[in-house]
Amino acid sequence: MIQIVLNIAQARLRDYLDNITRTDLSRVSGIKRNPQLIARLLASLARNEATTASCATLIEDIASEDGSSLARSTIRAYLDELTRLFVLEPLPAWATHLRSSARLRKSSKRFFVDPALAVAALAASVDTVAQDREAMGLLFESMAIRDLRVYAQSLCAHLYYYGDSNGLEADAVIEGLDGQWAVVEIKLGGGEGIGKAIKSLRAVRSQIDTTRRGEPSRLIVLTAFGHGYQTDDGIAIVPLTALKP
């Protein structure tokens, strides 16, 4: 029974994306669009979920399938239209003051508004995704970002990601209207993954010029399962199910 329900849900999501490729994108732009190219773009975006993949990367990925090519201006137009249709929701980079000479990234990360759409765009199944731990990690990150957006908006806060030219990253930064900020690393779980996330959060905290930004109100490792606890230096390990406004 569960498998039947999952199959029906995936079929409806694929129908939804099919309607977008065949009708909605042309309607919102006022220009007739190529449904096949849009479908391949959606699949490429799904393969690059939760990344800052450039237009050049997307073009190359689409071309590798069947030799089809899109101009950068066309890709940008499609991405803008998919965002206007609430299929995609970019996550902007955080702008702040750093202690070092590292440069902050400016490109947004791209996310489907719901990770289930990414799975549907790839015509994947639950079993297929479950066998690919890397894909599972990106989809869990996407789901966590979706939930964090909802909770942040309820608090009139904004959500960003952190990335700098030294390769240091954090999956999410929550910034309130009062200037308070918190940094979140998202991991499926497991001791090694959580340990790396804690190390990354400490590194991000050391990079921020707290004399100008103030100390973070919280450093958080968001996990898929397990119990919540706190490290000696105040980093909270929190399962996704414990989130609330």
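This is a predicted model: local features need pLDDT of at least 70, side-chain atom pairs count only at pLDDT 80 or more; totals for chains, interfaces and linings use all residues.

Reader: What makes Phe 112 stand out in the largest nonpolar core?

Author: The core has 31 residues, and Phe 112, together with Ile 75 and Leu 82, touches the most other members. Helices H1 (2-29), H2 (35-47), H3 (55-66), H4 (72-84) and H5 (115-121) are the elements that give two or more residues to this core. H2 gives the most, with 6 residues. There's also a second, separate core of 21 residues, with Trp 94, Tyr 162, Ile 208 and Val 221 among its members.

Reader: Next, Thr 223. Why is Thr 223 called buried?

Author: The cut-off is under 20% relative accessible area. Thr 223 comes in at 2%, so it counts as buried. It sits in strand S4 (residues 218-223), and its contacts beyond four places in sequence include Phe 140, Lys 187, Ile 237 and Leu 240.

Reader: What does the side chain of Thr 223 reach, and how do you know that it's a polar contact?

Author: The side chain of Thr 223 gets to 2.9 Å from the backbone oxygen of Phe 225. The limit for a pair of N or O atoms is 3.5 Å, so 2.9 Å passes.

Reader: On to charges. Why is the pair Arg 149 and Glu 89 called a salt bridge?

Author: Their N to O distance is 3.6 Å, and the definition asks for within 4 Å, so the pair qualifies.

Reader: What separates Arg 22 and Asp 18 in helix H1?

Author: About one helical turn, because they are 4 residues apart in H1. Arg 22 is at 53%, so it counts as exposed, while Asp 18 at 30% is partly exposed.

Reader: Which residues are linked in a network of salt bridges?

Author: Asp 114, Arg 146 and Asp 147. The Asp 147 and Arg 146 side chains meet at 3.0 Å, N to O. Asp 147 is at 17%, so it counts as buried, and Arg 146 is partly exposed at 26%. Across the whole structure, a search finds 13 salt bridges.

Reader: Last one: how do you know that the span of H7 is close to the expected one?

Author: H7 has 22 residues and reaches 32 Å from its first C-alpha to its last, against 32 Å expected at 1.5 Å a residue. At the start of H7, a side-chain oxygen of Asp 132 comes to within 3.2 Å of the backbone nitrogen of Glu 134. Just after H7, Cys 156 takes a positive phi of about 60°.

Reader: And what covers the buried residues of H7?

Author: The cover includes H5, helix H6 (126-130) and strands S1 (158-163), S2 (169-175), S3 (181-187) and S4. Among the buried residues of H7 are Leu 139, Phe 140, Ile 145 and Arg 149.

Methods. Residues are numbered from 1 along each chain as its sequence is written. Side-chain values use heavy atoms; hydrogens and water are left out. Buried means under 20% relative accessible area, exposed over 50%, partly exposed in between (1.4 Å probe, protein chains only). A polar contact is a pair of N or O atoms within 3.5 Å; within protein, one must be able to donate a hydrogen and the other to accept it, and residues adjacent in sequence count only if both atoms are side-chain atoms. Contact means heavy atoms within 4.5 Å. A nonpolar core is a set of buried Ala, Val, Leu, Ile, Met, Phe, Trp, Tyr and Cys residues joined through side-chain atoms within 4.5 Å. The expected span of a helix is 1.5 Å times one less than its number of residues.
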